[in-house]
Amino acid sequence: MRVTKSAGDFEASAIAGTRAIMIALNCQEAACKGLLGFAFQRAKGAGKPEFLRSLKVFEEVEPEPDTEHGEYFTDKFPIQSFLWSDYTADPGTTYHFEVIPVFGDPTAPELREAEKLAFTVTTEKEDDGEHGIWFNRGAIASQAYARKFKNHKPTDAEMDNPKDEHTVWLSRGLLEACLDYIDTTKKSEALRACIYEFTYAPIIEAFKAKIDDGFDVRLIVHDDKKGKNRKAMKAAGLDVKAKHNGEPVVIWRTRPPIPHNKFIIKLDGDAPQKVWTGSTNITPSGFLGQSNVGHLVHDSDVAEQYLKYWTILSDNPTGKPAKEGVAEISPYPPALVKPGSMTCIFSPRQTASMLNWYADRMSDATSSIMFTAAFNVAADFIEPLARDRDFLRFVLKEKPPTADERKALKGDRDLQISFGAVLGAEFKVVDGKLEAKRKVKEFPLDRWFLKEELTRDEGNIFFVHTKYLLIDPLSKDPLICTGSANFSEGSLTTNDENMILIRGSTRVADIYMTEFDRLFRHFYFRDVANDAANKRKEGEKPEKVFLDPDDRWTTSYFKPGGFKSRRREMFFTIPASNWTVNAATHSDDEPVRPPKKKKAKAVAKKAKAKTAKTKTAKAKTVKKAAAAKKAKTVKSKKVAKAKVKKAKTKTAKSKKAKTKTSKAKKSKAKSKR
């Protein structure tokens, strides 16, 4: 839902998702004279209006803020920003807001009621019958978790209990929605699923319950080398050898190294009706740790496409047959997909040409781009992201940009990058385990922020696992690309993957955009704070620990071409033409991609391995020849020895025979006498 409001010199633009509400503010620079910030007051439904909590205070009023028990509110300590978000909202709920400019002195702030911005917003339902969308918390390392649970690390038993308070808070509705989707399956319905990681007990048990009750359930499951999926299924009591109407319930996917799908189709009889997809692996971390989304599409045509894809994979095909099957049901899409359409993109594909398609849509954008990249930013995306353009592009990553990425993407300050971080600490991954790299020295926020801990220490992804791209999400005709697929060459040409291109749904865009903003700013603040602390010289006074006592904080919001200035403007100066105008000028032909360049290091490594292999083979040959020669020599010696022995035996026999003959002659001669 989108709402705009103006009063006096000020205006507001509010965008409501399901559990987050963004409120952007604007005014002319002259109106900022003496502005201390904004007070926020909120009423839920018919409830009593209350001023919302502030994290920063005026040093003149609270020189020693109490991080644990301090209660500071925006009427006394206003928000010094032109963008504020409420992350405590409930889905499908009406809220009344009042945003009041605050002037005067920190010790006696004046709320200017005459310019109060009063408006009402209703958050989106999680499921409106067309799209059901659930984002988990995706931020265990947060002030909210630290304050609520004192950084308690959830136990396995707690995570396996869907009703445990830690699980409920971290899941944020995602686990409940997935369980409900499975549990509400009727006897007349059927379930077909493709699952990459399948180790989370509550979901396995939900499937098991349906299988045990005789429901038509068939699961394509990754047969991982370490056997984690088999062990988890066995522990939950799910019979991997069970059959339904003579067909195996569990089909093991053994062909590609990464059969990365996580989708569940629901059929009414033989007719596919809807599909659950998204980035969420069926693991404790998938639901309760790293950021993820579950997206339920109520569309029979989309569900039918997914069923065709499922059927192809149910034969456990190798690469070539899989690619040929996918090519028939998921061709290269047109540059301008149809209005209001949902286009399914499946993998593995013959080439990674979809990277060209995504890059072209980035080039087509006119107002904003929001993009999540769990790993590296694809080379195809560098140019459209880094090009000097007069609007903001946001990239949210799991890890800090590599040296090459930093070099390639540093050209334009309108490109902003945020990555996973914990306040006051830096981390590194060693053999799949997260280790504290070092604590940020002399951290300036210790006085008014709680200590954060990351409550999970094993895995590959700890912070950002979502895979989506938003093109002009603030426009009236946005493009949302979401699914399981990382935006990479391997994901497109090797893995089993799925993605949906959704055009024109402002509701879907608002939900994704508010969640992107929540996580981007959550980590961006930590990135900047940690970096500033590391760069500050010993004894140097940290900046921005307290609120500014006057209007100096507004300066950066009106700096021509500055990040904060662009961000303020982007909610109020949306171009009349969006990405669709530029996309209409592109060819619909699938581009021919040049052969993938082999990296020098990889080539050298391969050559080294080949040399080592050759040397080993040669050594084996030499060793084998030496062994054969030795064996031949030994055999020759044995033969010679045997011949000598035979000769000696023959000689001895001959002598014995002669002696016997001689004796016989002598005996005969004696008898004649």
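Student: Which side chain makes a polar contact with the side chain of N292 at 2.7 Å?
Tutor: H465 does; the side chains of N292 and H465 make that polar contact. Bear in mind that this is a predicted model. N292 has a further polar contact, 3.3 Å, with the side chain of Q290.

Student: Where does N292 lie?
Tutor: N292 sits in the loop between helix 7 (284-288) and strand 18 (293-297).

Student: Is N292 buried or exposed?
Tutor: The cut-off for buried is under 20% relative accessible area. N292 has 0%, so N292 is buried. Beyond its neighbours within four places in sequence, N292 is in contact with residues including W134, F135, L174, S279 and T466.

Student: Let me step back. How many helices and strands does the protein chain have?
Tutor: The protein chain has 17 helices and 27 strands. Of its 673 residues, 52% are buried. The chain exposes about 33,200 Å², and carbon and sulfur atoms supply 53% of that area.

Student: How do I read contacts along the sequence? What share join residues at least 24 apart?
Tutor: Take the contacts between residues at least 6 apart in sequence; 73% of them join residues at least 24 apart.

Student: What should I know about nonpolar side chains?
Tutor: In soluble globular proteins, nonpolar side chains tend to be buried together.

Student: And here, which residues touch the most other members of the largest nonpolar core?
Tutor: That core has 57 residues, and F263, I265, Y306, W310, F394, Y512 and F571 touch the most other members. Helix 14 (residues 506-535) supplies the largest share, nine residues. A second, separate core has 42 residues, among them Y145, I182, W252 and L288.

Student: What does F571 touch?
Tutor: Leave out residues up to four places away in sequence. F571 then touches S13, I15, M22, A24, L83 and L474.

Student: How far is K266 from the nearest side chain of opposite charge?
Tutor: E189 is that side chain, 4.2 Å away. A salt bridge needs a nitrogen within 4 Å of a carboxyl oxygen. K266 is buried yet has no salt bridge. Among the other residues in contact with K266 are T184, A190, L191, P272 and Q273.

Student: What is the idea behind salt bridges?
Tutor: Side chains of opposite charge can pair when their charged atoms come close.

Student: How many salt bridges does the structure hold?
Tutor: It holds 29. Start with R172 and E515, whose closest N and O atoms are 3.1 Å apart. This pair links distant parts of the chain, 343 residues apart: R172 is in the loop between helix 3 (165-171) and helix 4, and E515 is in helix 14. R172 is buried at 4% relative accessible area, and E515 is buried at 1%.

Student: One last pair. Are R112 and E115 buried or partly exposed?
Tutor: R112 is partly exposed, at 30% relative accessibility. E115 is buried, at 10%. Their salt bridge has its closest N and O atoms 3.7 Å apart.

Methods: Residues numbered from 1 in each chain as written. Predicted model: local features only at pLDDT ≥ 70, side-chain atom pairs only at ≥ 80, totals over all residues. Heavy atoms only, no water. Helix = DSSP H or I, 4+ residues; strand = E, 2+ residues; numbered from the N terminus. Buried < 20%, exposed > 50% of the residue type's maximum accessible area, 1.4 Å probe, protein only. Contact = heavy atoms within 4.5 Å. Areas by Shrake-Rupley, 256 points an atom, 1.4 Å probe, with all protein chains shown as cover. Lys, Arg positive; Asp, Glu negative; His and termini not counted. Core = buried A, V, L, I, M, F, W, Y, C linked by side-chain atoms within 4.5 Å. Polar contact = N/O pair within 3.5 Å; in protein donor to acceptor, adjacent residues only side chain to side chain.
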